[in-house]
Amino acid sequence: MKKFLNKRTGILATIVLLAVAFFGFKMGDNRNFQIAKNLDIFNSIVKEVDLFYVDTIDPNKTIREGIDNMLYSLDPYTVYYPENDQDELEMMVKGTYGGIGSLIRYNPKTKYTVVAEPYEGMPAAESGLKAGDVMLEIDGKDLKGVEDVSTMLRGQVGTSFKLKVQRPGEKKPLEFTIVRRSILTPPIPYAGIVDKENKVGYINLSTFSGTPSKDFKKAFLDLKKQGITSLVIDLRGNGGGNLEEGVEIANYFIPRGKVILTTKGKTKQAASTYKTLREPIDPNIPVAVLVNSSTASASEILSGAFQDLDRGVIVGTRTFGKGLVQTTRPLPYGGMLKVTISKYYIPSGRCVQAIDYKHRNEDGSVGRMPDSLTTVFHTAAGREVRDGGGIAPDIEVKQEKIPNILFYLVRDNLIFDYATQYCLKHSTVSAPEDFVLTEADYNDFKALVKKADFKYDQQSEKILKTLKEAAEFEGYMTDASDEFKALEKKLNHNLDRDLDYFAKDIKPMIANEILKRYYYQRGGIIQQLKDDDGLKAAIGILTNPVKYKETLSVPAEKK
C-alpha cells in the first residue's frame, strides 16, 4: 500500500510540475503572442492606409508619429532617435555636439534667425559673430523663413561653411568662414567669491552632462586656495545629466563608503548601488545648495545627498521631482532608444519622483503626487523628509513673480534689440561687478519701446472684462455701471506709468543682456547675483554657524 501511495504521489507531483511548466510557458507565450499579434495588426493598418487612404501619406512621418505617441504614453523621457536625429541625444549624454557654439533665435516678424548669445571661446565668438547679427545665408542658401537653422549650423567636427550676416550699424552684409568644433556647454559658467568679508565661495553648476565633476573640482580647489570658509552651490535651472557625475561631486564633501543612491528596475542590470569611493576634498566646509523648480534629475541626486546626509542646507523652492533613470539601447538602421529602466532612491531611501505616469487620469493627464499620499523618511540625523515630490528646501525662498510687461518686453525682443543698440554706442563697459544702467540709458530704452508701438496684455484688464460679463449675466451691471467705468479709467493702459513702476524689474534684465555681450555667461550671472534673494538667504545661513547647525539638526521638541 505504501509503495502504491508513493507511486501515486510521484505521478501527481509530475502532473503538477508539468501543469505549472505548461501554464507558465503559456502565460509567457501569451504575452509574446499579444505583442506579435498587435505588431501584425499595426503592420496591416499601415499597409491598408498606404494603399487606400484618400491622400498619399508620408510613411516615415506617419509611423514616426505613431512611435512617438506610443512612447510618450509611457513617460516624456522615453524617446526614439533615428540615425539622422541624434544631435540632441549626444548633447544630453556627452554634453557635446558638432557646431559653432551659440544660442540663436528665430524672429517671426522678420522671418530671419538672429545670433542671440555666442559662447565664450567657441567658433561663433572666435570668428567674430556678435549677438544681434541677422543670419542671411549659409553657403549661399537664403535663410529667410527657415526656422530650423540650428540643424544647418550643426555637423561633423572639422567641416566648414560660409555664413553671411547683416550686422546692425553696418551698411553691407558681413561674411564669415566658420569651422565646426566639438561644442561643450560650459558646466561651470561662473565661480567666485560672493562675500569677501565672510569668504563665501560660489559655484554655478549648469549641467551634469559630459564630465562636469572635473570642472567642479578645479573650481572648488581654486576657491579653497583663495581662502573660502563656506560654499554656495547653485543648481537652479540645472536639469541634470549623468547620475554618476552627481555621485562624484557629492564625494568631494561626503566621506568614503556612504551610499548616495540606489536604482531599482525590472531587470538585474537596472539595479545598482552608488557609494562614495574616495576620501572627500573637504568633509567639513559649510555648504548651502540653491535649488528651484527647474532643478531636476542628477541635480536632485546631489542636493538630496546633501540633505539626507545632513551635509548641507538646501535653499530655494521645491525641486522638479524627476526620480527616473534612462539608458540608451541601439535599434536597427542606426537608431537609438532612450528608455526609462529604473527609479532612483537617495540616502534616506526615498524616491523624489513627483509624477506617477503609470496611473493616469481618465483623460490621460497626469498630476503631481499630493502631500497626503507621500511617506515620511528620515535623514541621517533624524530630520523628517518626504518622498514623491522632489527635494523640499530647508529654507524656502519664494520666487518673485515676473511682471506682465517684462514678459512681453522679452518676448518681443525689445530688451535684446536695445542691448544691440547699446553695444553700437559703447565699445567697452565697466566690469560686471561695477556696471550700472543709468537713468539716461533707461530713458533711451523707454524711447525705443514707444517707437516700436509696443502692445501688451494686462491681467487686470482681462479680469475686469470677465467680471463685467459675469455682472451682466447675473443682472448687476445696471446698478454697478458707474463703478465699472471708474475702475476702467483707473486700469487704463498707461505705458509710461508701467515702465516707471516696473523699472526695478526691467533694469536688471537690460543690464543682464548688455553684460552678456561683453562678458558672456559670466557677466550675466554676476549681474543676476547682485539682487538675488536666494543667494542672500544662502549667505545668511552660512555666516550664522548656530543657525546652520540648528537647521541640520532635529528640533528639540521632536527628539
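1. Helix α6 has a buried set made up of Pro212, Ser213, Phe216, Ala219, Phe220 and Leu223. Buried here means under 20% relative accessible area, exposed over 50%, and partly exposed in between, with a 1.4 Å probe and protein chains only. These residues cover an arc of only 125° around the axis, so they sit on the same side of α6. The arc is taken from the directions from the helix axis to the C-beta atoms. An α-helix has 3.6 residues a turn, so residues three or four places apart point the same way.

2. This is a predicted model: local features need pLDDT of at least 70, side-chain atom pairs count only at pLDDT 80 or more, and totals for chains, interfaces and linings use all residues. Residues are numbered from 1 along each chain as its sequence is written, and side-chain values use heavy atoms, with hydrogens and water left out.

3. Confidence next. The protein chain averages a pLDDT of 90, and 93% of the residues score at least 70; pLDDT is the predictor's confidence in each residue, from 0 to 100. Residues 1-25 fall below 50, and this stretch has one contact in the model beyond near neighbours in sequence. Contact means heavy atoms within 4.5 Å.

4. Back to α6. The expected span is 1.5 Å times one less than the number of residues. Helices (H or I, at least four residues) and strands (E, at least two) are DSSP runs, numbered from the N terminus.

5. The cover over the buried residues of α6 includes β10 (190-195), β11 (200-204), β12 (230-234) and α7 (243-250). The face turned away from the buried side carries exposed Lys214, Lys218 and Lys225. Just after α6, Gly227 takes a positive phi of about 90°.

6. Asn238 lies in the loop between β12 and α7. Its relative accessible area is 0%, so Asn238 is buried. Leaving out residues up to four places away in sequence, Asn238 touches Leu205, Ser206, Thr207, Phe208, Ser294, Thr295, Ala296 and Ser299.

7. Helix α2 covers residues 59-72. Asp58 caps its N-terminal end, with a side-chain oxygen 3.1 Å from the backbone nitrogen of Asn60.

8. Cysteines last. The whole structure has zero disulfides, a disulfide being a pair of cysteine sulfur atoms within 2.5 Å. Cys351 is buried at 11% relative accessible area, while Cys423 is partly exposed at 22%.

How values were computed: Polar contact = N/O pair within 3.5 Å; in protein donor to acceptor, adjacent residues only side chain to side chain.
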